[in-house]
Each structure stands twice: as structure tokens, then as C-alpha cells.
Amino acid sequence: MTAGPVLKIENLRTFFYSRSKQAFSRAVDGVDLALEKGETLGIVGESGSGKSVTALSVMGLVTAEPGVVSGKIGLKTDGIQKNLLQNIEDYVNMTQNNGRIMHVSKDNRGWQRHVDRHLRGVRGKEIAMIFQNPKASMNPFSSVGRQIQEAVLLNTSIKNPREAKERALYWLEQVKIDSPQLRYDNNPFGLSGGMCQRAMIAMALSSEPSVLIADEPTTGLDATIQSKIVSLLAELKSSVGVTTLLISHDIDVIKTLSDRVAVMYGGRVLEYGPSRDILSKVDNEKHPYTAALLASIPTARQIREKSYLQAIKGDVIDTINLPRGCRFYPRCRQVTDQIREQCKQREPDLREIASNQSVRCWLYFDA
Amino acid sequence: MRYPAFFKARSAMKLASIRPITVLISRELAIAVLLLLGVSFVVFLVLFLSPGDPFSSLLKEQMTSAAGSHPGESAPWYSQYLLWLANITRGNLGTSIRTGLPVLNEVIRVGINTLYLTLGSLLVTLLIAVPIAIVSARHGLTPVNWVLTMFTYVASALPVFWLAYIVIYISMHRFGLFPLAFGSSTQKWNWLHFMLPVLVLGLSNGTMGEVVRHMREELSRVFSEEYICTARAKGASIWKHAFKEGFLIPITEIIAAKIPYILGGAVVVEQVFNWPGMGRMAWQAAQDRDYPLIMAITLMAAIFVRLGSLIHRAVHIVVNPRSSRE
């Protein structure tokens with residue numbers, strides 16, 4: 001019945017070339033993800049682990065001048081079927097000397113034009129996106145309703161402005177904004193952050209996309225609003241059933257909403273599998289990084305006793321100077337003497353250790 | 001917690017409602033009137049305190065006859081000012097001491113000429129500067145953009161009078177275009193006599209570089225705003241979304257800010273090209289100490305400047321609903 005995943009990301013690499021250091025910052029370094037129809041795939045990880053850049057690469061929004069994207073992103077829906085990264089490497093010119101990159105030049109204009117042309121009919125229509133910081137993500141010079149109406153007119157079969165307005169109002173109702181008729185004419189500055197995010201969600205869904213990318217939808221909102229947005233997303237998931245790529249550093253959000261989860265660190269997926277198993281606190285087999293992330297969430301007892309929070313020691317890896325071995329090795333607390341050398345010298349690959357659960361760690365397999 | 005439904009609706013309406021634009025415009029107009037009053041007072045005081053008087057720069061017999069026909073002349077300065085103000089409310093700006101013509105008609109006549117010159121040169125400046133700014137905001141400083149931007153910087157650094165004389169020299173000696181007087185020529189190149197001063201002032205009024213810089217900076221700032229990213233993500237045109245904040249507001253801002261400079265440049269250009277405008281008349285009036293004329297011209301210039309910022313405010317209010325609640 002299912003004809004493969006809707007969105008299949010294969011070996012995605014998004015690098016940013018630093019001219020002063022003459023090296024690439026490998027923001028996303030060989031990520032493989034597959035998004036099945038109807039499911040929610042969560043991506044979790046610390047800040048700077050490449051989650052958002054993955055999403056931006058999918059949408060062709062990597063605009064920073066020296067950004068280089070390679071790999072394959074297959075989009076396969078009822079309407080469209082193409083590789084979103086087709087020919088994108090043609091616009092980058094690299095001069096190498098003994099395997100060392102000496103200079104990177106990018107035809108920025110051509111790149112931009114190519115991406116815009118190639119993704120016409122994909123952006124909005126097939127893949128819609130919700131951003132973090134909802135207040136800044138809405139055009140402050142236009143009313144909320146107008147912006148949703150615009151999305152409807154652009155991306156659906158509705159071409160009549162009045163019908164589009166009705167549709168926009170319908171979606172404003174769906175995201176449970178109070179008095180949608182009034183909110184329709186409000187400008188974003190007249191709305192609170194939570195309402196803005198609801199409007200953003202309405203705008204994304206009003207395009208009736210095949211895939212929804214939610215890039216940190218709860219970041220920048222206060223805690224009570226966060227939980228409301230999460231429950232709204234959960235409700236919409238069951239009622240609308242849109243395929244979602246959910247990105248968050250908040251493990252609870254991911255645990256509530258996603259079916260499967262990918263744990264990212266330093267531009268790589270370290271663990272990939274059903275979120276119920278991976279993000280449960282029960283001590284089953286999981287990557288040391290996932291375990292450390294889970295341990296950093298304070299338990300009810302810790303909060304009650306006001307004990308110290310368990311942070312992960314060290315900083316997020318610098319993706320310019322990568323170690324030879326495992327990327328998490330410098331911060332890993334579960335290294336045993338048995339595998340220490342291996343961790344230091346060779347990077348493990350992502351291997352299936354249980355049903356559907358893949359881990360990138362030497363703890364669970366040998367060479 | 002339970003407000004009646006109508007109360008809730010009304011408070012929400014209040015949030016959304018925008019003060020009628022007429023109220024805002026009339027407030028701006030009131031401010032303009034106060035400003036003009038202040039300008040006229042200061043100029044009057046400066047004129048009163050400055051050395052020299054119209055009569056020492058006119059012929060003896062004219063002086064005596066003029067003094068005889070102006071009973072207010074010997075009154076103290078404040079009563080002179082009040083008299084002048086009272087006359088203005090009746091639409092009477094007095095008569096020129098030098099020519100004896102009513103000032104109002106004279107000033108309107110030259111004011112229109114100056115308006116042609118300033119608006120024309122503003123148009124020239126914008127037509128050159130804005131495309132450069134837009135292209136370099138979108139695509140960064142490519143070599144071509146860099147050269148064009150440099151050209152605008154150099155052009156705006158050229159002194160107006162220097163460029164004006166060079167242009168006159170070239171047009172006269174190379175192409176035999178003569179005479180270069182406003183509207184006095186019946187040759188087929190008449191339109192050129194009109195265009196040359198406009199072009200010269202448009203090129204070198206010193207604002208072009210500023211326009212390019214301001215427009216480029218604002219537009220590229222807006223392009224990196226998050227809502228432009230949203231627009232791109234939903235497949236909308238980023239130009240459409242960037243237009244209001246990135247183009248409309250900065251362009252009116254820069255026009256409002258640069259009108260005084262262009263008026264200043266107009267004085268020089270009108271001198272050089274014999275353009276019968278306000279600047280030339282102001283120059284003449286200042287030399288003659290023609291008080292009523294100086295007052296009227298200053299007021300006119302103040303009105304031009306104020307009009308520029310009024311347009312800017314109006315656009316700002318219409319475009320940006322936030323500013324209407326300030």
C-alpha cells in the first residue's frame with residue numbers, strides 16, 4: 001500500500017565554508033532520514049547539532065553565501081516526485097589541492113535562481129514550514145488573515161479571494177484562536193506569541209501540504225503556552241494527519257508528538273528509531289548521548305530536593321575540526337577501556353541493534 | 001473573568017482599530033503651522049538684527065519715497081512682526097521693496113519653477129540610485145554593482161557649481177547650444193535647456209550616494225528578516241513581502257531627509273543656469289535686503305521641507321499600522 005517514504009533524505013551534507021579558516025563547518029554531515037506517510041519524525045539534539053539546518057536544506061532556504069548542500073532529498077507525493085537537490089552542486093566550484101580545499105566559489109545568484117525555480121510548487125504547496133520565533137516570522141506590515149489568505153491562494157486550488165478568506169477563517173478556527181473573525185484583521189504585533197504561533201500553524205496547514213516541517217515550534221514561548229501549542233499540534237496530528245518533521249531540543253515535545261525520533265549530534269544522526277523506546281527513561285540499550293540528554297531532564301524527585309541539574313559536560317562539538325573517532329567521544333561518560341581505542345580512532349556507523357532501532361556506538365557492536 | 005460578550009469584542013476591536021488618518025494628518029498640519037510660525041519669527045529676528053537695510057542698497061530717491069509710503073517702517077520690531085503676521089492671515093505677504101510687485105505672486109511664480117527643478121532632479125537621482133541599490137541589495141556587491149556604487153559616490157561628491165560650469169562649457173563649445181536661458185530659447189533644443197539643470201542637480205546634489213547606501217542597507221536588512229524566510233517557505237514573492245518595509249518606507253524617508261539639500265543645491269544651479277527660481281530670487285533678495293521677499297521665500301522653502309516630511313509621515317502611517325498608535 002505504502003509506496004515508500006514521502007520524504008527521503010539521503011546523505012545530506014550542508015557545509016558552510018569559512019574563508020578565514022579555509023575549512024568547512026560541517027553543519028549537517030551525511031544525514032539519512034525517511035519520513036513515512038502520516039508519521040511524525042522528531043529530530044532532537046542540542047543547539048548546534050544541525051537540526052534546523054537539515055530542515056532549511058530541505059526547503060532550499062540555506063542562503064548564507066558559502067553554504068554548500070549536497071546529497072539527495074527525494075520527495076514523493078501524489079502530485080510531485082523529484083529530487084529537491086537536483087543539480088544543486090553545479091553552482092559550486094571547489095579548487096582542491098592534495099585533498100585540501102583551497103577555495104570555494106559559489107554562483108550565489110545562479111544557485112538562488114535554480115533553487116527558486118526548482119522548488120516552485122514544492123515550497124508551501126508540498127512542504128510547509130513553521131518557524132521558531134513566531135512573532136518575527138509573520139510579516140508585521142500585513143494582517144494575519146491576509147497572510148493566511150495569501151497562502152491559500154498560492155498553494156491550493158482556491159483562486160477566489162472570498163473563498164480563500166473563508167478557508168483562512170476555517171483554519172484559524174482549527175488552530176483554536178479565539179474570535180477568529182477579529183483576529184483575521186489583526187496585525188501580528190497585536191497578537192501574543194502563542195497566538196502568532198497558532199496563526200503560523202494555520203498558515204502552514206492552510207496550504208494543505210504533504211509534509212509539514214515544524215522547526216522548534218515551541219521555542220521562545222513561555223511554558224504554559226508551550227504545552228498548549230504541543231497539545232494543539234497533537235490534536236491536529238490526529239485530526240488532519242499531516243506528515244510532520246518535528247524539530248526540537250525539547251525532549252518532552254518530541255516524546256509527546258513523534259512516532260520515530262532521530263537524535264542528532266555534530267551534524268550526524270547518532271540514534272534513530274521509535275521514540276517510545278528511545279526516549280523512555282528505562283535503561284534499555286541506547287546511545288550514550290541519548291542517555292545523557294535524558295539524564296539532563298530533572299526528575300520530579302530532583303526538583304523536589306532542589307538538587308543539581310545533570311548537564312552534559314563539555315561543549316557541542318566544533319564541526320570544523322572533527323576528531324577522527326566518534327564525535328561524541330570527548331564528552332562520553334560510558335566509554336569502557338575495552339573500546340576506548342576504537343572510539344578514539346574510528347567513527348562507528350549507524351547500525352540496527354534492535355527492531356527499527358539504529359545506533360552509532362561501539363558499545364553495541366564490534367568492528 | 002467572565003466579561004460580557006460585547007465588552008470582550010469591543011476591547012479586541014479597540015486593539016485592532018486604527019486612528020483615522022485624517023486625525024493624524026491634521027495633527028501633522030497643526031505641527032507644520034507652528035513650525036512655520038517659529039521659522040518666520042526666527043528669520044524676522046535675524047533680519048532685524050543683521051546689519052544693513054533695504055534703503056541703503058537702493059537709490060536715494062526711491063528710499064525716501066518708499067519710507068514715506070510705509071508708515072510701519074519706524075515701528076518697533078515686534079509690532080512690525082505682528083503686522084506682518086496679521087497681513088499674512090489676510091493673504092497679503094506684502095510687496096517687494098525692490099520691484100514693488102506683490103510678493104505672493106512673485107514667490108508662487110518662482111516657487112513653481114524651483115519645484116520643477118527639485119522634483120525633476122530628485123527623480124533623476126532616484127532613477128539612477130534606486131535600481132543600483134535594489135540590485136546590490138539582492139545580489140551583494142558584485143564587481144558591476146561596485147563600480148556603479150562608486151560612480152554614485154563620486155557623482156555625489158562633485159561640487160554642483162563645478163559640474164554645472166563643465167556642462168555649460170561642453171554644451172556651448174562642443175554642441176553650440178546657446179543661449180542657455182530658461183525658456184527663452186526658441187531653438188529645437190529647447191527641452192535640453194530645461195533638462196540640463198535638472199540633470200546636473202540630479203547627479204551632483206550630494207544625495208545620490210546616500211540614497212544608494214540607505215536603500216541598499218534597508219532592503220538587505222529586510223531581506224534577512226525572518227518573515228521574508230517565511231514568505232519564501234510558503235512560496236510567496238519575497239519582493240512583495242519586502243516592498244513596504246524595504247522599499248516604500250526607506251524611499252520616503254530619504255526623500256524627506258534630502259529635500260533641504262536639494263533646495264540648497266538648487267540655489268547654486270539656478271544661479272549658474274539662470275533658472276528663474278526661488279534660489280536665484282532668494283540670492284537677489286538677500287543682497288537687496290528685500291525683507292518681505294526674504295520672509296516669503298524662507299516660508300516657501302520651509303513649506304517644501306515640511307511637505308517632504310509630511311509625505312513621509314503619511315506613508316509611514318498608512319503602511320505601518322504600528323506607527324499610528326505612537
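This is a predicted model: local features need pLDDT of at least 70, side-chain atom pairs count only at pLDDT 80 or more; totals for chains, interfaces and linings use all residues.
Biologist: What is the radius of gyration of chain A, and what would a compact globule have?
Modeller: The C-alpha atoms of chain A occupy a box of roughly 70 × 60 × 45 Å along the principal axes. For 367 residues, a compact globule would have a radius of gyration near 21 Å. The value for chain A agrees with this, at 22 Å.

Biologist: Which domains are assigned in chain A, and how many residues of domain 1 are in contact with domain 2?
Modeller: The domain assignment gives domain 1 as 7–126 + 209–326 and domain 2 as 141–208. Their C-alpha centres lie 27 Å apart. Domain 2 contributes 13 residues to the contact, and the number from domain 1 is 13.

Biologist: Which helix gives the largest share of the side of domain 1 of chain A that touches domain 2?
Modeller: By class, this side of domain 1 of chain A has nine nonpolar, two polar and two charged residues. The largest share, four residues, comes from residues 223–239 of chain A, which form helix H8.

Biologist: Where in chain A does Glu216(A) lie, and is this residue buried or exposed?
Modeller: Most residues other than glycine have a negative phi. Glu216(A) is not a glycine, yet its phi is positive, at about 50°. Its place is the loop between strand E9 (211–215) and H8 of chain A. A residue is buried if 20 or more other C-beta atoms lie within 10 Å of its own, and Glu216(A) has 20, so Glu216(A) is buried.

Biologist: What percentage of the contacts in chain B between residues at least 6 apart in sequence join residues at least 24 apart?
Modeller: Chain B has 326 residues, of which 33% are buried. Among its contacts between residues at least 6 apart in sequence, the share that joins residues at least 24 apart is 75%.

Biologist: How are helix H11 and helix H12 of chain B oriented to each other?
Modeller: Helix H11 (residues 238–273) and helix H12 (residues 278–288) of chain B pack with their axes 7 Å apart, at an angle of about 85°. Residues that meet include Ala266(B) and Val267(B) in H11(B), and Ala282(B) and Trp283(B) in H12(B). The contact has four nonpolar, two polar and two charged residues. Because angles of 65 to 115 degrees count as such, H11(B) and H12(B) are roughly perpendicular.

Biologist: Which helix gives the most to the side of chain B that touches chain A?
Modeller: In all, 22 residues of chain B are in contact with 29 residues of chain A. Helix H1 (5–16), helix H10 (226–233) and H11 of chain B each supply at least two residues of that side of chain B. By class, the side has 11 nonpolar, five polar and six charged residues. With seven residues, the helix that gives the most is H10(B).

Note on methods
Residues are numbered from 1 along each chain as its sequence is written. Chains are lettered from A and ligands numbered from 1 in the order in which they are written. The radius of gyration is taken over C-alpha atoms; the globule rule is 2.2 Å times the number of residues to the power 0.38. Axes are lines fitted to C-alpha atoms, for helices over the stretch in contact, and angles run from 0 to 180 degrees between N-to-C directions. Angles under 35 degrees count as roughly parallel, over 145 as roughly antiparallel, 65 to 115 as roughly perpendicular and the rest as oblique. Two residues are in contact if their C-beta atoms, placed from the backbone, lie within 7 Å. Ala, Val, Leu, Ile, Met, Phe, Trp, Tyr, Cys and Pro count as nonpolar, Asp, Glu, Lys and Arg as charged, and the others, Gly among them, as polar. Domain bounds come from an automatic or database domain assignment. A residue is buried if 20 or more other C-beta atoms lie within 10 Å of its own, exposed if 12 or fewer, and partly exposed in between; C-beta atoms are placed from the backbone.
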